[in-house]
Number of protein chains: 2
Amino acid sequence: MKTLIIVSHPQLAASPTQQFLKASAAGVKGATWHYLDAIKTLDVPAEQALIQAADRLIFEFPLYWYQAPASLHEWLAAVWTRGFAYAEAGGKLTGKTLGLVVSYSQPQQAYQIGGSEGVAMSTLLSPYQALAHKTGLQLLAPLEIAQFSYLTEQQRAELMTRYQQYLTLERPTRFADQAAWFLAQLDQKGTQDEHVALMATTLAARQEQLAGLRHTIAELREGEDD
Amino acid sequence: MKTLIIVSHPQLAASPTQQFLKASAAGVKGATWHYLDAIKTLDVPAEQALIQAADRLIFEFPLYWYQAPASLHEWLAAVWTRGFAYAEAGGKLTGKTLGLVVSYSQPQQAYQIGGSEGVAMSTLLSPYQALAHKTGLQLLAPLEIAQFSYLTEQQRAELMTRYQQYLTLERPTRFADQAAWFLAQLDQKGTQDEHVALMATTLAARQEQLAGLRHTIAELREGEDD
């Protein structure tokens with residue numbers, strides 16, 4: 001899968017979150033880091049070609065006053081022209097997926113009715129749902145990064161995994177896809193480590209059990225339909 | 001009332017809507033037109049002083065991909081610092097009002113569930129509700145301008161009235177405030193026109209009737225409480 005990570009952040013070097021994500025994306029095959037604030041003059045056809053070459057687009061940004069920073073808005077206004085983007089006008093985006101990687105400094109539970117921010121993240125991000133609807137993009141549930149600076153090492157490792165899966169898995173929240181991803185990762189690392197080899201064997205066995213169970217359930221259902 | 005109209009639009013001269021609003025605001029006492037895209041370098045203390053001097057702030061913008069253009073986001077990120085804006089940090093905005101003047105090219109009914117855009121305007125504008133909540137600003141219901149180019153002369157005249165009221169009335173949607181506004185306008189125009197003088201007299205009489213009715217209702221209610 002080819003993934004274009006469109007990053008909007010006015011001070012990337014000063015952001016530990018973005019530095020972490022950049023390092024996490026660096027090892028991901030097919031992922032391209034595209035940092036908007038570094039672009040001096042927008043070359044619209046070149047930007048559109050980049051987008052067209054991707055299967056998945058990621059908008060990655062911190063929340064500033066509950067919205068993306070200026071560079072994402074500027075880029076969208078210039079590059080996502082009607083003819084290029086509107087599904088009804090024969091746009092070029094239909095069928096691709098769109099992911100949102102959103103970071104903020106409040107705890108995740110702040111963003112709900114009755115929470116300290118008083119509004120749900122899904123409500124704040126509704127413009128991207130409307131954009132996906134208009135362009136024929138399939139929107140993924142957002143990957144939210146709350147209070148990155150408070151994360152433990154273990155939590156950061158988990159975030160790296162979730163992020164890499166978000167960039168590459170067809171359905172990032174589906175268990176079977178996640179398990180397959182882990183198996184591929186373990187396979188890459190090789191089986192020189194006894195512990196890793198055991199995990200890989202166990203996971204593969206569980207996957208087979210799961211497939212077997214699915215098959216049984218499917219057969220039972222067929223019986224029901226008779 | 002002192003009103004600061006903060007306008008975000010990358011091509012103001014090419015926008016008939018904004019030119020119309022600018023002309024409508026020109027005659028309004030206490031209203032200042034503040035065009036963000038013309039600012040080369042933001043002078044943060046000067047911007048903050050402008051804001052502090054106002055009783056009402058208006059964010060005025062067209063919808064680009066369901067959000068304000070880049071300049072509003074840039075200005076907010078630079079000028080609305082935590083110490084200046086957060087109510088919990090002793091911010092300077094508490095008690096002022098915030099209005100939103102939003103223009104778009106679809107019909108108004110497109111913005112609702114089941115409408116062609118599939119999302120309500122209130123949902124799309126929720127970041128400003130969160131911003132008002134955070135800063136202690138009192139949010140006014142938005143003034144929406146749908147398909148300005150299709151408006152008749154009569155509809156434009158009505159829009160001008162609604163806009164001028166939105167800039168200056170404490171409660172722009174309250175009938176009594178609107179009627180008082182009309183009386184003041186008629187008063188300014190003088191009574192040299194017989195027709196205008198008749199309208200003014202009628203409106204003033206209706207206002208008195210209305211006040212009388214309110215008084216009667218209040219007395220009846222007191223009776224109920226006995």
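In this predicted model, A:His34 is the bridge partner of A:Ile6 and lies in strand 2 of chain A. The briefing covers local features at pLDDT of at least 70 and side-chain atom pairs at pLDDT 80 or more, with totals for chains, interfaces and linings using all residues. Residues are numbered from 1 along each chain as its sequence is written, and chains are lettered from A in the order in which they are written.

- Strand 1 (residues 3-7) and strand 2 (residues 31-35) of chain A run parallel and are joined by five bridges; pairing requires at least two DSSP bridges.

**Relation of the chains**
- Chain A superposes on chain B by a rotation of 180° with 0.0 Å of shift along the axis, at RMSD 0.1 Å (least squares on C-alpha atoms of residues with pLDDT of at least 70 in both copies).
- This is the relation of a two-fold axis.
- A:Ala70 has the C-alpha of chain A nearest the axis, 2.3 Å from it.
- In chain B, 100% of the contact residues of chain A recur (contact: heavy atoms within 4.5 Å).

**Largest pocket**
- The largest pocket holds about 980 Å³ of space (an open set on a 1 Å grid where a 1.4 Å probe fits, with protein on both sides within 12 Å along at least five of seven lines).
- Its lining has 37 residues (an atom within 4 Å of a point), and A:Ala70 and B:Ala70 are among the closest to the centre.

Methods:
Side-chain values use heavy atoms; hydrogens and water are left out. Helices (H or I, at least four residues) and strands (E, at least two) are DSSP runs, numbered from the N terminus. Grid points are joined across faces, edges and corners, and a volume is the space filled by probe spheres set on the points.
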